[in-house]
Amino acid sequence: MRKVAVIGAGVMGRGVAQNFAQEGVNVILLDISEEKLEHAKEEIRQNIRFHALFNKNKIDEDSEIILSRVNFSTDYQLLEQVDFVVENVPEKWEVKKSVYEKVDEICTENCVFLVNTSCIPITKIAALTKRPEKFIGTHFMNPVPLMTTIEVIKGYHTSEETILLTKELLKHIGKECIIVNDSPGFVSNRISHLFMNEAAFVVQDQVAAPNDVDNIFKKCYGHKMGPLETADLIGLDTVVNSLDVLYESFQDSKYRCCPLLRKMVDAGLLGKKVGQGFYTY
C-alpha cells in the first residue's frame, strides 16, 4: 500500500487519518504542536469506538491497534517518505500558501497532493508549486469514516494519472468519487453554503428558531440534517471563511456572510467542536 500523510489534525484531518487507519493504511498525521496532536489522538480513539458501535460488521480490530497505524508528528521532513499528501489546514489563503511552499520543497516529485479544501480553487493552490499536474481536490465530508462518497475536483493542470491514482487510493478506503471541474466552492459548498448562510439570516431576523429551521428541512424536505446543524458540524469558523472565499471569488452579494455568523465566531461559538453553536452539545 502506498504511504499517506495528512496535514492538519483538526476535525477533518482527524477523520481522514482515522479512515485510512481503519482500512489498514499507515498514515502520518502532521500538525504544528504536540498539544494539538495529543488532542487529536484522544479524539480519534473515541471516534473509533463510537464508529464501531454503528459498524460492528466492519470494525473487528481493537481501537489501539487501529490507532497504532497513525504516526502523530510535528516533523514535516517525514513527508519525504510519502506518496500522497492530504491537506486539511484552515480555509485561509495565507495559511495554505505557507504550507504548500514548505511541503513542495520536501515531497518527492511523484507525490500526489489531495487538497481537502472547502472553497479555494484547486488550480489556484496548485500554482503555488512546481507540480500543478499532481494536484487534485478531494472534498471529504464530515464525519469522514461514515461518508461513502467524495467530491473530487479536477484542476486545470490535473493529469489523468493523478486522477487514476487518487481514485485507486480512495477506493481502498471505501470511497466513491464524483468528479467535477474546478470552480470556487465546486458543487457542494457553492450550493450548501447558501443554505447555511440564509438559514442564519432567518434566525437573525427572528423569523424562526434554529430548531424550527432545521426541522423544516428534515421533516418537509427529507434532509438528514438541517442547514444550521450542518453548520455546527462543519464549524462556524470554517463556514465564515468559506463564505468569504466565495464572496471574494464571485463578487456576488448572495455570498455575503450573515453578521450573526461572524458574531458567533467572534464569541467563540464555533459549533459542535467546542460544544456550543446554534445548539449546545
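Trainee: How much area do domain 1 and domain 2 bury between them?
Mentor: About 940 Å², with 61% of it on carbon and sulfur atoms. Buried area here is the accessible area (1.4 Å probe) that two parts lose on being put together, summed over both. Keep in mind this is a predicted model, where local features need pLDDT of at least 70, side-chain atom pairs count only at pLDDT 80 or more, and totals for chains, interfaces and linings use all residues. Residues are numbered from 1 along each chain as its sequence is written, and side-chain values use heavy atoms, leaving out hydrogens and water.
Trainee: Which residues in domain 1 lose the most area to domain 2?
Mentor: Glu91, Cys119 and Asn142, together 43% of what that side buries.
Trainee: And where are the domain bounds?
Mentor: Domain 1 is 4–181 and domain 2 is 187–274, from an automatic or database domain assignment.
Trainee: How many salt bridges across the interface?
Mentor: Zero between domain 1 and domain 2 by the rule, which wants a side-chain nitrogen of Lys or Arg within 4 Å of a carboxyl oxygen of Asp or Glu.
Trainee: New topic: what sits over the ring of tyrosine 76?
Mentor: The charged end of lysine 102, 4.0 Å from the ring centre. That takes NZ of Lys or CZ of Arg within 6 Å of the ring centre and within 35 degrees of the ring normal.
Trainee: What lies over the face of tryptophan 93, then?
Mentor: Lysine 124, at 4.5 Å from the ring centre.
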